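Me: I have just opened this one and would like to go through it slowly with you. Could you keep the answers plain?

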Amino acid sequence: MANHCYNTITITGNEAELETLHKLLTKEENYIDFEHVLKREIPFGEIYDIVGTKWFTPDIELGDGELKLYGDSAWSPPVPLFEALAKTYTSLKVTMNFEEPGMGFGGELDIDSSGTEVLFEGSYWQYMAYLDY
């Protein structure tokens, strides 16, 4: 059984790109269909490298010029998924916060079409202290 990594993801950008991404992400009711979102077949043995996790089950909200995702992924945050999406939808800026107390890590990233900036990455307790300041 996977450890659950909790993710809070906020995406801003062009309204049309946000709406397109929202439709892709919400095709299935209780999970994200990675192959549908990335528009490619993903061999099961490569899913972790391509997406960063085996599954991601967020609640998804679109409103006020933002797309917000809150939910669990398996073992680690879906960073490669959102790096790929930021390259496809170039107006988007992704802010990702993640925490995994079972394995003891957490962090905050900014992702856009030019790459990923690590704002904080450390142990779970260091991350909790970072959030307090």
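Me: Which residues does Thr95 touch, leaving out those up to four places away in sequence?
Reply: In this predicted model, Thr95 touches Thr8, Ile9, Thr10, Glu108, Leu109 and Asp110, where contact means heavy atoms within 4.5 Å.

Me: What should I know about the model and its numbering?
Reply: Residues are numbered from 1 along each chain as its sequence is written, and side-chain values use heavy atoms, with hydrogens and water left out. Because the model is predicted, local features need pLDDT of at least 70 and side-chain atom pairs count only at pLDDT 80 or more, while totals for chains, interfaces and linings use all residues.

Me: Back to Thr95, which strand is it in, and is it buried or partly exposed?
Reply: Thr95 is found in strand S4, strands being DSSP runs of E with at least two residues and helices runs of H or I with at least four, numbered from the N terminus. Thr95 is partly exposed, with a relative accessible area of 22%; buried means under 20%, exposed over 50% and partly exposed in between, using a 1.4 Å probe and protein chains only.

Me: How far is Thr95 from Leu119 in space?
Reply: The two are 9.7 Å apart, C-alpha to C-alpha, and 24 residues apart in sequence.

Me: New topic: how many helices and strands does the chain have?
Reply: The chain has five helices and six strands, and read along the sequence they follow the pattern β-α-α-α-β-β-α-β-β-β-α.

Me: And which residues have the most contacts inside the largest nonpolar core?
Reply: Those are Ile11, Leu69 and Phe82, in a core of 30 residues; a nonpolar core is a set of buried Ala, Val, Leu, Ile, Met, Phe, Trp, Tyr and Cys residues joined through side-chain atoms within 4.5 Å. Among the elements that each supply at least two residues of this core are strand S1 (4-12), helix H1 (15-25) and strand S4 (93-100), and H4 gives the most, with five residues.

Me: What does Phe82 touch, with residues up to four places away not counted?
Reply: Phe82 touches Ile9, Ile11, Phe56, Leu69, Val94, Met96 and Ile111.

Me: Last one, what share of the chain is buried?
Reply: Of the 133 residues, 41% count as buried, and the C-alpha atoms of the chain fill a box of roughly 40 × 35 × 25 Å, taken along the principal axes.
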